[in-house]
Amino acid sequence: MAEGITGVSTSSSTCATLECQDLTKTYYSTDPPTQVLNGIDLTVEAGEFLVVMGASGSGKSTLLYNISGMDRATSGRVFLQGRDLTSLNDTEMSQVRLTQMGFIFQQSYFLGNLNIRDNILLPALKAAPHRRDAAIGRVDALMERFGIVNVKRHGTTEVSGGQLQRASISRALASEPAVLFADEPTGALNSSMSAEVMDALTDVHAGGTTIVMVTHDPACAARGDRVIYLRDGQLIDSRELGTWTADQAAEREDALLAWLRELGF
Amino acid sequence: MLKKDALYLRYAYNDLIKNKGVNVALFLILMISAFLMATGAMVMERSLGSVDALFRQALPPHFLQMHKGGYDADALDKFASERPEIESWLIEDMIGFDGVGISWRRPSTGETGDFSASLIDNLFVTENQDFDFLLDGAGTIPQPATGEVYVPVGYQRDFGLQTGDDLRIRTDAGSQELTVRGFVRDSQMASSLSSATRFLVSEKDFRAMASAGGGDPEIIVEYRLSDTALTSQLQTAYESDDALPKNGQAVTYQMIRMINAFSDGLVAVALVFVSGLLMVIALLSLRFVIRGTLEDEVREIGVMKAIGLPHRSITGLYLSKYSVLALLGCIIGGVLGVIASQLLTRSVQVNYAPAPVGPMTFVVPVAALVVVYLIVIAMCRGVLRGVRRVEVVGALVHGNTSTEKQSARRAKRWARRARRTDLASAGGADMNRRLALLDLRAEVGQWVLIPVVFALAAILIILPTNLLTTFHNPRFVTYMGAPQSDLRADLQFSDDLDTVHRQVLSRMEADDRLTAVRDFANLLYETPGEEGWESLRVEVGDYSAGTVEFLNGHKPGTGEIALSVMNANKYGLSAGDEMSIRRRSGDSTESVVVSGIYQDVTSGGYTAKMPGAVTTGAVGYVIYADTTNDAEPAALAREYSDNYPSAAVIPMREYVQQTLGYVTSAFLRAAILAVVFGVGVALLITSLFLKLRLTRERTKMGVLTAIGFSSRELASQVRFKVLLTTVAGALVGAVLAATVGESLVGAVISQAGLGIASLDFIPNPWLVYLAYPLMLIAAGYTGAVALTSRLRAPDKSAWLKGSPG
């Protein structure tokens with residue numbers, strides 16, 4: 001890439017998918033101003049499943065929204081596949097979110113006036129309006145994969161929470177993003193639905209998608225490759241978990257819990 | 001103060017501070033409505049007060065008859081002695097001078113001028129002894145000394161005259177010079193609709209002017225009655241008595257009052273109309289805001305219910321805020337109204353008399369404001385009744401104001417709608433527009449506020465302008481009982497009337513600058529009325545060419561008569577009915593068929609038209625003519641007026657403007673006011689609506705942002721929705737103004753008793769049906785641009801529910 005073009009790479013690690021350097025976020029709307037992120041340095045490798053944990057108010061969701069460009073960091077830089085996101089304007093950043101990022105939230109936010117399939121299709125159609133058929137084929141395949149093809153014409157009030165969250169995952173993947181951001185994706189679900197959703201995410205990760213997930217739940221966190229722990233806006237510690245397998249799930253969870261307790265979780 | 005009230009007020013204060021933008025907008029709309037309502041009420045009270053005050057002091061006649069030429073004084077004496085209802089009567093001698101012949105000079109500065117711009121008659125009189133007094137500014141009856149003159153207040157205003165100026169009147173024996181001693185108000189000729197005005201001089205100067213020659217001597221026979229209800233009876237008796245002088249206009253007390261009240265009352269009516277529409281807009285907006293607030297704060301309401309607060313207390317908490325807003329709006333609107341009404345009634349107070357300050361001065365505007373306040377509070381109470389339906393679990397768990405059943409029904413409706421959408425098979429329409437359209441369809445209940453408000457605003461700004469252009473249009477003469485033409489020659493009230501008529505007519509017919517010369521004579525007929533034979537003013541001539549517009553029926557042929565609306569109503573006749581008429585008492589009665597009904601505002605609206613030859617002996621003649629392309633009507637009018645001083649020849653356009661000048665200027669003010677408020681309110685409501693709407697759509701916009709929609713695209717969706725709804729509203733409003741609005745205004749005007757039963761607008765289509773809607777749409781769009789520019793906030797995650805941790 002040539003120098004002088006917006007978003008030119010100055011990333012230190014060229015093989016990283018996502019990287020942030022000395023990231024800070026301060027809210028000036030409060031008196032005194034609140035510093036929520038305080039000099040975070042983080043690298044997410046391609047294909048990694050990174051879990052962000054910490055107590056309430058530690059800054060984990062803020063970190064997620066700042067590295068995904070939903071919010072603007074007060075200082076520091078964020079690189080996605082070598083491109084500096086902090087230098088992009090709103091339209092450019094939107095294009096990045098559309099084509100390279102996917103989001104899953106705690107609540108399944110959908111447009112109530114569209115059916116499930118249209119909600120999933122929306123970003124794909126927007127990203128490639130001239131490749132409509134390809135988008136439709138991809139979306140139908142995703143719905144098939146996550147077991148929601150039978151509710152594709154349903155309204156968003158006619159399906160279960162688990163189905164909605166699987167639809168969220170489908171929507172997040174519809175544009176084949178480089179990174180999937182998940183903010184407490186199981187926070188509003190019961191345990192069986194949580195397992196459903198985490199299975200789906202594990203499946204997505206197994207397919208090679210990079211995932212950054214914020215969660216409170218150690219059982220969910222145990223699915224990740226690596227867990228980082230935030231306290232008062234600072235990255236306190238991180239722990240490599242290795243690749244998740246169903247038969248080691250209980251051990252991974254116990255080990256993780258022990259580590260978290262050490263950190264005061 | 002009770003503890004509970006203090007709590008309510010503290011809540012109201014905190015909420016007012018918290019939602020500043022929305023509350024300021026609501027307050028402004030309420031204040032403007034209250035302001036206009038109070039101003040309308042005050043203008044009405046002050047105007048009527050002024051007119052009444054002048055009438056009380058000046059004692060105008062209950063019936064008067066103007067006359068030119070000789071008369072039989074004994075016959076008048078005899079008539080008065082035979083009529084017990086006559087309390088007092090008088091004959092006022094007057095000398096009329098043309099405005100061109102009266103000039104003024106200010107000795108201190110040497111400034112000069114004349115009254116040629118005024119087309120009305122300038123009549124010089126002495127002060128009456130018993131009634132019909134001319135009054136000075138202090139309300140006293142001035143008695144000018146020799147060499148002094150009191151000038152009408154209207155001229156003081158129009159020509160900027162001052163006390164001490166010299167007035168020079170051109171007579172046959174040279175100039176008569178008088179010094180302006182003061183200004184007088186005239187109860188019977190105060191209205192700008194009056195065709196004459198009176199100057200007050202001393203007996204000696206009056207005699208000198210009369211003997212000098214050059215003026216037109218004229219008399220008014222005036223009567224005060226014991227009961228004003230007997231006026232029409234007296235008029236009939238007077239007009240049927242051949243011995244009495246009556247070659248001029250006859251005017252009744254009712255007509256004087258009506259004309260006086262009409263010109264100034266219109267401003268008040270227009271203000272009340274504008275205020276009424278604004279009230280509707282204010283109520284709609286309030287309803288929208290309150291419902292939105294209840295939805296937003298449903299969890300708080302749920303908590304209050306859960307801890308056992310009764311509905312009444314919860315409602316009271318919300319009501320306190322709107323009460324404070326409405327109360328503040330009414331108080332400030334009322335105070336502003338006092339200032340505005342003083343400005344608006346300044347000319348009325350000068351022309352008539354300063355209205356006395358009585359209990360009604362305060363009661364009327366306060367009552368208007370109380371009505372505004374009560375309506376607002378009643379509406380708020382109605383909407384807040386929704387609090388009662390809120391179920392604790394639904395509110396706390398699901399955060400909605402509806403009951404289980406309602407929620408289920410709504411979910412089904414949404415699902416049904418969602419099933420019908422199909423982005424996959426949709427054409428290549430822009431995704432943003434598609435989403436905007438889907439949004440509009442789904443949230444039609446919310447967005448409908450905008451088209452409704454814009455339709456009302458369009459009606460608000462279009463109607464006064466339509467009325468203005470209608471009154472201003474030369475074609476409006478067809479409402480005034482005259483055919484459309486370029487020139488109008490009015491001949492009446494002179495001794496050699498028939499000779500002058502013959503001369504003017506033959507000269508006009510021979511004039512190659514004039515075409516379509518039409519000659520009509522005004523004859524007095526009689527027809528049976530409620531109290532025996534009554535006089536009927538009939539215009540006779542050839543109606544085969546173009547004439548006035550007929551409301552129903554057609555122009556009169558042989559054996560037929562056309563009646564003005566007022567006459568048709570008075571005698572209960574419609575087209576096809578038979579009517580008996582006779583030329584004068586003792587003549588044989590002939591039966592004519594009513595051919596049609598037309599509108600007329602001249603002669604109090606009571607006229608008739610019959611075909612026939614124009615012969616001599618009429619009470620007056622009117623000649624209409626068109627000018628050829630290169631002839632200037634104003635120049636021709638001047639030329640004919642100079643050659644025939646006793647004929648009033650004026651361009652038709654000027655005739656309309658002079659007769660309706662004051663009315664149109666009142667409408668102009670109303671129209672400007674309406675446009676300013678209409679456009680302002682359109683901007684205000686759009687901003688208010690979007691402020692609330694965007695707050696409520698934050699989550700959806702957060703999702704769209706995460707999906708990859710830019711702030712610019714989100715703004716474009718909102719602007720597109722605003723554009724669609726404002727265009728729809730403005731168009732519907734324009735159509736309604738042209739259809740329902742026309743009938744509505746027509747109905748009001750017909751109720752005014754002016755002789756107009758049906759009003760067809762003569763609009764300026766480019767202005768009202770293009771420029772005005774565009775102005776409204778531009779105002780709405782400006783609001784949308786201003787509000788959506790806030791979507792460029794740097795932190796969009798805050799739009800998603802659940803604050804970042």
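## A helix in chain A

At 1.5 Å a residue, the 16 residues of helix α6 (residues 191–206) of chain A should span 22 Å, and the end C-alpha atoms do sit 22 Å apart, so the two agree. The expected span here is 1.5 Å times one less than the number of residues. Helices (H or I, at least four residues) and strands (E, at least two) are DSSP runs, numbered from the N terminus.

Which residues of α6(A) are buried? They are S194(A), E196(A), V197(A), M198(A), A200(A), L201(A), V204(A) and H205(A). Buried means that 20 or more other C-beta atoms lie within 10 Å of a residue's own; 12 or fewer makes it exposed, anything in between partly exposed, with C-beta atoms placed from the backbone. The cover over those residues includes β3 (49–54), α5 (161–173), β7 (179–183), β8 (210–214) and α7 (218–221) of chain A. After α6(A) comes G208(A), with a positive phi near 105°.

## What kind of model this is

This is a predicted model, in which local features need pLDDT of at least 70 and side-chain atom pairs count only at pLDDT 80 or more, while totals for chains, interfaces and linings use all residues. Residues are numbered from 1 along each chain as its sequence is written, and chains are lettered from A and ligands numbered from 1 in the order in which they are written.

The predictor gives the complex an ipTM of 0.90 and a pTM of 0.78. Chain B averages a pLDDT (the predictor's confidence in each residue, from 0 to 100) of 83, and 92% of its residues score at least 70.

Chain B has 24 helices and 22 strands. Its C-alpha atoms fill a box of roughly 105 × 60 × 55 Å along the principal axes, and of its 805 residues, 47% count as buried.

Neighbours within four places in sequence aside, A457(B) is in contact (C-beta atoms, placed from the backbone, within 7 Å) with G678(B), V681(B), A682(B), G733(B) and L776(B).

## Where the chains meet

On chain B, 35 residues are in contact with 40 residues of chain A. Elements giving two or more residues to that side of chain B are α14 (404–420), α15 (431–442), α22 (698–707) and α23 (711–751).

Strand β3 (residues 102–105) of chain B has I102(B) and W104(B) on its covered face, and S103(B) and R105(B) on the uncovered one. In a regular strand the side chains alternate between the two faces of the sheet.

β3(B) runs antiparallel to β8 (residues 166–171) of chain B, joined by four bridges; strands pair if DSSP finds at least two bridges between them. R105(B) has D166(B) as its bridge partner in β8(B). Three bridges join β3(B) to β4 (residues 112–114) of chain B, also antiparallel, and there W104(B) partners G113(B). β3(B) and β4(B) form a hairpin with six residues between them, and G110(B) in the turn has a positive phi of about 85°.

Conventions: Two residues are in contact if their C-beta atoms, placed from the backbone, lie within 7 Å.
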